[in-house]
Amino acid sequence: NVLQFPNAFSPSSQVQENQRFQPFVREPGAISKYALAVYNRWGQKVFESDRLGEGWDGLFKGSQSPVETYLYHAIYERGSCGDSGKLKGSVSLIR
């Protein structure tokens with residue numbers, strides 16, 4: 001896949017790359033459209049973005065989200081070839 005998502009992240013990590021939930025992009029210039037949504041266990045959307053460089057920092061409405069597993073859905077389109085894809089999975093928020 002052009003996008004790969006981690007299965008865990010920790011906003012309090014000392015490693016900057018682990019502080020936000022966002023995809024690793026193999027071909028950054030190839031993505032022409034992108035959308036990411038993250039949901040809690042009750043199906044409430046806690047984060048959404050259409051910018052590749054913007055990741056979820058574990059906050060929801062200005063407060064820290066609880067430690068748990070969240071679901072994500074991502075869609076993307078590759079501009080050069082018109083391919084599109086959907087990814088979904090889970091991510092654990094660790095504090």
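User: Helices are DSSP runs of H or I with at least four residues, strands are DSSP runs of E with at least two, and both are numbered from the N terminus. What pattern does the chain follow, read along the sequence?

Analyst: The pattern is β-β-β-β-β-β-β-β-β. That is 9 strands and 0 helices.

User: What kind of model is this?

Analyst: This is a predicted model, where local features need pLDDT of at least 70, side-chain atom pairs count only at pLDDT 80 or more, and totals for chains, interfaces and linings use all residues. Residues are numbered from 1 along each chain as its sequence is written, and side-chain values use heavy atoms, with hydrogens and water left out.

User: OK, overall shape. What does the C-alpha trace span?

Analyst: About 40 × 30 × 20 Å along its principal axes.

User: Take β2 and β9 then. Parallel or antiparallel?

Analyst: Parallel, with 2 bridges joining β2 (residues 8–9) to β9 (residues 84–93). Phe 9 has Leu 93 in β9 as its bridge partner.

User: How many bridges between β8 and β9?

Analyst: 9 bridges, in the antiparallel sense, with β8 covering residues 69–78. Leu 71 is bridged to Ser 90 in β9.

User: What about β4 and β5, parallel or antiparallel?

Analyst: They run antiparallel, joined by 4 bridges. The two form a hairpin with 5 residues between them. In the turn, Gly 43 has a positive phi of about 85°. Ala 37 stands opposite Glu 48 in β5, and Val 38 stands opposite Phe 47 in β5.

User: Stay with Val 38. What is it in contact with?

Analyst: Leaving aside neighbours within four places in sequence, the contacts of Val 38 include Phe 21, Phe 47, Trp 56 and Leu 71. Contact means heavy atoms within 4.5 Å.

User: Which residues touch the most other members of the largest nonpolar core?

Analyst: Val 38 is one of them, alongside Leu 3, Phe 5, Phe 21, Leu 36 and Trp 56. The core has 20 residues. Those giving two or more residues to this core are β4, β5, β8 and β9. A nonpolar core is a set of buried Ala, Val, Leu, Ile, Met, Phe, Trp, Tyr and Cys residues joined through side-chain atoms within 4.5 Å.

User: What share of the chain is buried?

Analyst: 34% of the 95 residues. Buried means under 20% relative accessible area, exposed means over 50%, and partly exposed lies in between (1.4 Å probe, protein chains only).

User: Switching to charges. How many salt bridges are there in the whole structure?

Analyst: The search finds 3. A salt bridge needs a side-chain nitrogen of Lys or Arg within 4 Å of a carboxyl oxygen of Asp or Glu. One joins Arg 41 and Glu 68, with the closest N and O atoms 3.4 Å apart. Arg 41 sits in the loop between β4 (31–39) and β5 (45–49), and Glu 68 in the loop between β7 (63–64) and β8, so the pair ties together parts 27 residues apart in sequence.

User: Is Glu 68 buried or exposed?

Analyst: Buried, at 10% relative accessibility. Arg 41 is exposed, at 58%.

User: What does Lys 45 form a salt bridge with?

Analyst: Glu 48, with the closest N and O atoms 3.3 Å apart. Lys 45 is partly exposed at 36%, while Glu 48 is exposed at 53%.

User: And Arg 51, what is its partner?

Analyst: Glu 54, where the closest N and O atoms are 3.6 Å apart. Arg 51 is exposed, with a relative accessible area of 51%. Glu 54 is partly exposed at 28%.

Conventions. Two strands pair if DSSP finds at least two bridges between them.
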